[in-house]
Amino acid sequence: DAGLMLGYSYNNTVDKNVSVGGNLDLFWSSYKKASTIAQEGSQAGEIITQKVSLDYSTFYFPAMATARIIFPIDVGSFKVFSGLGAGLNFLINKEVNYNTKEEDFRFFNGFGWKLRVGLFYSLGKKSDLSIELFYNSAVLSSNSSETDDGFPIYDEIDMSGVGIVGTLILY
């Protein structure tokens, strides 16, 4: 799903082309299931009245140890890099079902990893601009319990997928 992601990274340079550190991201996304209950025209355009039956908000917090390698390959003025991250992932899901009048917060957690490749451009002595393609792998679980027969049950959410991100890097 599409959403908004903000993050903070702290890296230590090992040498000219290798750095290690950690990062904490916040990804937010929402979903509403709505149906049209009325339509009317106006001078400004068509006015549509919607009835919301489901409303979900998701807050995803991956906290990872990271490593980045800058390859000795230049693509014009850009440098090529790759990175790997691994760590704990947390997710809070707020779910409102207006049909049943139920509101619930669910908490998920689990291990995840991220592989990324990209290009960065040096803006100055202490700043870079980068664009990267990443693959995130994380299956998070919640609500561990058991059935009446003693079998374990739990909820799972798969946060794996591909993404693109642009970053302003300040040193």
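## Order of the strands

Read along the sequence, the protein chain runs β-β-β-β-β-β-β-β. That comes to eight strands and zero helices, where strands are DSSP runs of E with at least two residues and helices are runs of H or I with at least four. This is a predicted model, in which local features need pLDDT of at least 70, side-chain atom pairs count only at pLDDT 80 or more, and totals for chains, interfaces and linings use all residues. Residues are numbered from 1 along each chain as its sequence is written, and side-chain values use heavy atoms, with hydrogens and water left out.

## Overall dimensions

The C-alpha atoms fill a box of roughly 65 × 60 × 20 Å along the principal axes. The radius of gyration of the protein chain is 21 Å, while a compact globule of 171 residues would have one near 16 Å; the value is taken over C-alpha atoms, and the globule rule is 2.2 Å times the number of residues to the power 0.38.

## Inside the chain

Of the 171 residues, 28% count as buried, meaning under 20% relative accessible area with a 1.4 Å probe, protein chains only. The largest nonpolar core has seven residues: Phe27, Tyr60, Leu91, Phe108, Ala138, Leu140 and Met159. Such a core is a set of buried Ala, Val, Leu, Ile, Met, Phe, Trp, Tyr and Cys residues joined through side-chain atoms within 4.5 Å.

Let's look at one core member. Leaving aside neighbours within four places in sequence, Ala138 is in contact (heavy atoms within 4.5 Å) with residues including Tyr60, Asn89, Phe111 and Met159.

Definitions and conventions: Buried < 20%, exposed > 50% of the residue type's maximum accessible area, 1.4 Å probe, protein only.
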